[in-house]
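Here is a structure to read through questions. Each answer sets a value against a rule and then concludes.

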Protein chains: 4
Amino acid sequence: MSFPISPEPASLLTRYQQIRQQTEKICAPLTPEDTVMQPMVDVSPPKWHLGHTTWFFETFILIPHVSGYQPFHPQYAFLFNSYYNSMGSRVARSDRGTLSRPPLADIYLYRKHVDEAMEKALASEQLLAEENIQAVMELGLQHEQQHQELLVTDIKYILSCNPLLPAYQAKNTFISGPVSEKQAQNEWSTVPAGMYTIGHSGDGFCFDNELQAHPVYLAEFQARRTLVTNEEYLAFIQAGGYSDFRYWLEEGWQLCQQEQWQAPLYWVKQDQDWWHFTLHGLEKVDLQAPVTHISFYEALAYANWSGHRLLTEFEWEALAQLHANPLPQGNFLESGVYQPIASEVPQDGQQVVQLLGNVWEWTYSGYFPYPGFVTAPGAIGEYNGKFMVNQLALRGGSCATPQSHIRPTYRNFFHADKRWQFTGIRLAKK
Amino acid sequence: MSFPISPEPASLLTRYQQIRQQTEKICAPLTPEDTVMQPMVDVSPPKWHLGHTTWFFETFILIPHVSGYQPFHPQYAFLFNSYYNSMGSRVARSDRGTLSRPPLADIYLYRKHVDEAMEKALASEQLLAEENIQAVMELGLQHEQQHQELLVTDIKYILSCNPLLPAYQAKNTFISGPVSEKQAQNEWSTVPAGMYTIGHSGDGFCFDNELQAHPVYLAEFQARRTLVTNEEYLAFIQAGGYSDFRYWLEEGWQLCQQEQWQAPLYWVKQDQDWWHFTLHGLEKVDLQAPVTHISFYEALAYANWSGHRLLTEFEWEALAQLHANPLPQGNFLESGVYQPIASEVPQDGQQVVQLLGNVWEWTYSGYFPYPGFVTAPGAIGEYNGKFMVNQLALRGGSCATPQSHIRPTYRNFFHADKRWQFTGIRLAKK
Amino acid sequence: MSFPISPEPASLLTRYQQIRQQTEKICAPLTPEDTVMQPMVDVSPPKWHLGHTTWFFETFILIPHVSGYQPFHPQYAFLFNSYYNSMGSRVARSDRGTLSRPPLADIYLYRKHVDEAMEKALASEQLLAEENIQAVMELGLQHEQQHQELLVTDIKYILSCNPLLPAYQAKNTFISGPVSEKQAQNEWSTVPAGMYTIGHSGDGFCFDNELQAHPVYLAEFQARRTLVTNEEYLAFIQAGGYSDFRYWLEEGWQLCQQEQWQAPLYWVKQDQDWWHFTLHGLEKVDLQAPVTHISFYEALAYANWSGHRLLTEFEWEALAQLHANPLPQGNFLESGVYQPIASEVPQDGQQVVQLLGNVWEWTYSGYFPYPGFVTAPGAIGEYNGKFMVNQLALRGGSCATPQSHIRPTYRNFFHADKRWQFTGIRLAKK
Amino acid sequence: MSFPISPEPASLLTRYQQIRQQTEKICAPLTPEDTVMQPMVDVSPPKWHLGHTTWFFETFILIPHVSGYQPFHPQYAFLFNSYYNSMGSRVARSDRGTLSRPPLADIYLYRKHVDEAMEKALASEQLLAEENIQAVMELGLQHEQQHQELLVTDIKYILSCNPLLPAYQAKNTFISGPVSEKQAQNEWSTVPAGMYTIGHSGDGFCFDNELQAHPVYLAEFQARRTLVTNEEYLAFIQAGGYSDFRYWLEEGWQLCQQEQWQAPLYWVKQDQDWWHFTLHGLEKVDLQAPVTHISFYEALAYANWSGHRLLTEFEWEALAQLHANPLPQGNFLESGVYQPIASEVPQDGQQVVQLLGNVWEWTYSGYFPYPGFVTAPGAIGEYNGKFMVNQLALRGGSCATPQSHIRPTYRNFFHADKRWQFTGIRLAKK
């Protein structure tokens, strides 16, 4: 197994419990009916997420490594496999919304059944001594954290389809510092030309797609210290950006016309004001907050219109190495805000803000293997490599990403047309 | 309003209560998640049926006729309108499966709110004295009975999509009389040539599509006294009926190949035996029971293969007038069996059995207006007339039809490819 | 074989030659590229029509009945079979537009090869003495006449798709008599109640779908003596008929919105005037001429809007029996006008005009089998019966129908959404 | 305008004439009907290619730069614009197959009209002295050469859809040298680690997507000296490569199953042998020739199965710089073979063969902008940049590429699923 092991094996049991509880906390405000919705094919029903993350531990830890473990139900392997061809047949992705049974209560029993077995196993020396077990455990935990992010974004999409526009939760008051008035004076940060080591090295956990660390030569460039705000994006809308083909990639332009895009996903114009649907219900758009729920096509059209460009994923990583050290605090899943927020920007220096958290930053890099990339043998090898075409790399995590899950070398990936994730824009020039 | 009034206005309150309770009884075994499923566009989520039937009374009785009535929720009119263009915009039919909210509990509160107002109104002389009110009430009750049938068939379809193949309820033991061994000696019943009055006349309720009663000349023909059984249909399957184009209409043959039909909907072959999914779970096919869940294309292909034909809807109604008098008891919704069953057949005489209940009988008649057909003004006029093209007439009701809802002049209609209703075959010749 | 034989067997050779030449005359103005176009699936490329009608004689006459006949090319049977499952595999209907080869010149050689063999065979006593041969010949000739009509309508559709809007031919001046100013005084013709014999009887040729002749009882009704004109239809357009759901069948209303129908096919509004594409190029709409290129949905919406209704096909046939005797002259294929035209209407009496020719009249009758209908065995049996569902009956022929091909019992059939044929409207009331 | 100018402006008139004649030579064997076919959306009708390449010179040279020039036809600008949004509305790409008119003869008149005007203009000093004119001319010539390649591949696809499998031309005998028996001993060529300058520099013409030349660091790797042959690919087929998901990207695997791919496009198995459709008709697969007509998904699956990988486009260009100097002769459009062929391989040394010509080599690099990429202003700027997403870079040209059109820095691009181009595989390792 190629995944490096996290440096803190002692905390495995604690981390397991915390992460598993976090998942259930996210689902607590949902009705049983909410948990079976699949209003578009990219969205998975929350009940499915609850079951699938559990299936991972049952399948890759309990069944192969804990003698005497009794699977909770003989058909759950079929119900909750996602895309692992190695693990046999499964419910088609587009049919996940047909699973009214097992009822939600049974899924929580399933979680309890697996959690009890896992806690017992993690308390024993024997399991932890097995070869690879810590790597698989780490992968299972990281995997569940990925699904926590998807839960937040899928729940948002599900509720947004409902004509009642229900709020997921009441608004969590979050005070961001005042935005500096001098921001404009000092908005670009320079990254000098040179060789950079891109990819993960060292002891901590990473996914296989972050390997191998390898040298990349970069020319000098400048990056915006802050994310593009709703106010800035609104100027693009008002300037007719959605109806001028010159800013768009051809496939984006076709889609924009076909789908009649006029603004980011979830935005609604009422009278003269723009509102957007949030997990707290319909709210006025906060002009100082970073724009989000835009496709790669929109991000690039915005960059073209503004006379700048997007970063490559290599530039992004170099930027994080140089100008975001120490990494700034961010707005993550744990804040419970579930919405990007404005940040205070230091008036002097070149420090870059909002690199981690808030929104995933679209890069103009395809999601492809690094030199020397090797997939792991068996089902675990289906985790990342087989998706390496037709997607763009995104960096930095979002307001729905667990803080302990993200790092500067982390590579996320989505198709250029996707908008239901918390995605945003950082600009570069020259 | 063109709908004749039922002769028993005194019982309106009682009937209202019984019918409303029956609807909730049908939904009692469902989980909340079951009630939001829409696995294909023809199926509506049970929660939607529960709300829509309630919306009917709120919209057409309480709001226009009961002063001071407070609608339960301002947006429910949008959520629960089905297809009445006159009543404004509504959730697209294909999007009914996105309604996780309002939660099921709220829908039951909605029903309670409307039921209390209705019961109060129906107890007053004043409401019943209003012009047309009894006709609208009657329509509302008949409408809810139609949705009871759809609830049963939609629930069956929903559960059938689930890999766990859950049973809706335990099997309701139902003893049918032994099937006569001499059945074959006497299987055809003759209807003589002559003028027949087709359509509804007299005092009882009918839908507008059963009017006007009008004379139709029919040549002599013979009709099978019983429905085609699973055993007979199995002979068609085994003779290669699903792979011989000669028996099929061209559009049916295209569909049969495209969908790879091999047997009725819900049938599964395991080893050498045929099983089918029922509301009691997966069961062996009962050879003596009437075949069901077949499209019009399959019904006609079977008739062609057997050397016979289907009846027209006029022939069916003449048959019911002459040879099914008094109308035989049938297998209706109230039996709780929810599956067609074999019937005892009198050995002498020409009495026809299974005319009402068990399965809707496909006729080879298009669903078109009778001479002099007039749609009612306003929203009620959208009930039937606007569907009069590209559908076939079906007669006789099924095991999911309430007994008090059906009559010999009743005209049901579905597209030729539909299979999720309890549909079956009666043969004719000459 | 169930098709009655035409009374004039002596003229078979002459009729064969005339009909075959007529087909080639229709195609004479086309470029080779025109003959391979298939801009929608309902349209067949003219080259395919030329080959397919020839294939019919080769397959059903020459190969089985003329010893020593050498087929022109071994693969043409595959290329030019239309829909006869009995005759083996064939090019999919939607792929007919891929046939650039064989080149047009080869198809004319094919026609010549078959014509020479046919002429030789028809000149011999031996062939004509064979059982059934005259019936098959008659069917082959009628079949080619049907394709002549399709050639005209398909050519019109093909040219209409071209941005250059090319004319098929220069305008053929056609002088219709002046339309009577008193037309309105006397516009309805009455058909009394009674039993009518519907269907074909007697010696002449008919298709199997016109049999058996059978009694039908009809109530009294009145029919318009003339077809609905463009001027009348324009009033419907101007009154908002295309945007008021109340006049439409539900499926028609959905389609009307989806396709954004605003007027008949081929109509274009330029400035304030309506023009339409004809085989003579773009012309101003002639207000006195019958409206054409409308779907059944539009025909019925117009009838509903005008407060009248459409005839059934039985009423139409009764009307033709009673009030169109002798049948009025019409505007047929032979006129070369290829466009419906205004007719002079006698001011007194009840004579009905435009019954035959000009436009096919949509009836509100499904295309279903007559009582006692039997399909012929073998491939010929696939001619009509297998299409008897989901289509409407049309009566009377059009300006693209050969005069010798039409008769009052003739049943044409199209789906309710089709507009590329010359279809029109006759109204009924009571 | 950012396109560098070709060093030989003196030859512009001669080159113009040669290139224009080459296009017509390619189309000479076609029937008029062949020239209007569009059997799939990626294919354009040959008549359209003939018109569109002419439109380019009329639009970008004659109309803006030659005073008094009369356009051939006012509507041709609409008919023959491809995708230049700046140049106004145009026939939708998927509707190019509806253009039976103007007839082929008119298109040749159009070419003659433009050629005469162009030849006159190119003979004058005045035109050549205008700013930018040589760059636009160069682009027009390169553009027509690109369409020559598309003509060959589109004609092949068009003819392959015809059930008669017609040959485009008789086989052009082409003797390749014998393939070395010792090939296996020496099949890999090494490229050392280091900084490479990628992209075009110097005087010759290049497209904007080859700019700016920039440094890229590459680790050491080895590349196969020859392309993967049909024999090698057949081993992959026989080993079950098309039915083992482990070798495939997920999107490729879905497509492979859905389209039921079993072999490259145009391959047919008859009895035990593999044949493929070529421009000379159906032929046995030549085992020594390079495999072609495969998608990127198949190329990568083959590489994974064989235990190797594909090159990146940067590696490919470095390989061409180091080990293919001087560039080997290749099999280009001018050979008239229109099919990849086997090559003689020097037994000693590391020389790489088949780098240019034969087949486009799929790289595992997305088609993205180079650092500093800038699109030209105006319509010319729509040439390349707007396609830079969701496509893979291909290198080296094919047997349908004109020899003077290709160079080592040339970047072609197609979606991962495309198979109708002459695409093939070169392997790399470590």
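The turns below take up a predicted model, starting with an interface and ending with sheets.

Q: What makes Arg101(C) and Asp34(D) a salt bridge?
A: The rule asks for a side-chain nitrogen of Lys or Arg within 4 Å of a carboxyl oxygen of Asp or Glu. Here the N to O distance between Arg101(C) and Asp34(D) is 2.6 Å. The pair therefore meets the rule, which sets its limit at 4 Å. The count between chain C and chain D is four salt bridges.

Q: Which helices of chain C supply at least two residues each to the side that touches chain D?
A: They are helix 3 (76-80) and helix 6 (133-160) of chain C. By class, that side of chain C has 19 nonpolar, eight polar and four charged residues.

Q: How many residue pairs are in polar contact across the interface of chain C and chain D?
A: The rule finds twelve, with both residues at pLDDT 80 or more.

Q: How many residues of chain C and chain D are in contact?
A: Contact means heavy atoms within 4.5 Å. By that cut-off, 31 residues of chain C touch 31 residues of chain D.

Q: What area is buried between chain C and chain D, and which residues of chain C lose the most?
A: About 2300 Å² is buried between the two chains. Carbon and sulfur atoms give 62% of that area. On the side of chain C, Glu33(C), Arg101(C) and Leu164(C) lose the most area to chain D. Together they make up 31% of what that side buries.

Q: How do you know how chain C and chain D are related?
A: Chain C can be laid on chain D by a turn of 180° and a shift of 0.0 Å along the axis. The RMSD is 0.0 Å. In chain C, the C-alpha nearest the axis belongs to Glu33(C), at 2.3 Å.

Q: Why can one say that chain C and chain D meet through the same surface?
A: Of the interface residues of chain C, 100% are also interface residues in chain D, so the copies meet through the same surface.

Q: What makes strand 1 and strand 4 of chain A a pair?
A: Two strands pair if DSSP finds at least two bridges between them. Strand 1 (residues 188-191) and strand 4 (residues 221-224) of chain A have four bridges, so they pair, in the antiparallel sense. Trp188(A) has Arg224(A) as its bridge partner in strand 4 of chain A.

Q: Why are strand 11 and strand 12 of chain A said to stand at the edges?
A: The open sheet of four strands in chain A has the order 11-10-9-12, with mixed pairing. Strand 11 (412-414) and strand 12 (423-424) of chain A each have a single partner strand, so one side of each is left without a neighbour in the sheet.

Terms used
Residues numbered from 1 in each chain as written. Chains lettered and ligands numbered in written order. Predicted model: local features only at pLDDT ≥ 70, side-chain atom pairs only at ≥ 80, totals over all residues. Heavy atoms only, no water. Buried area = accessible area lost by both parts, 1.4 Å probe. Polar contact = N/O pair within 3.5 Å; in protein donor to acceptor, adjacent residues only side chain to side chain. Nonpolar A, V, L, I, M, F, W, Y, C, P; charged D, E, K, R; others polar. Least-squares fit on C-alpha atoms with pLDDT ≥ 70 in both.
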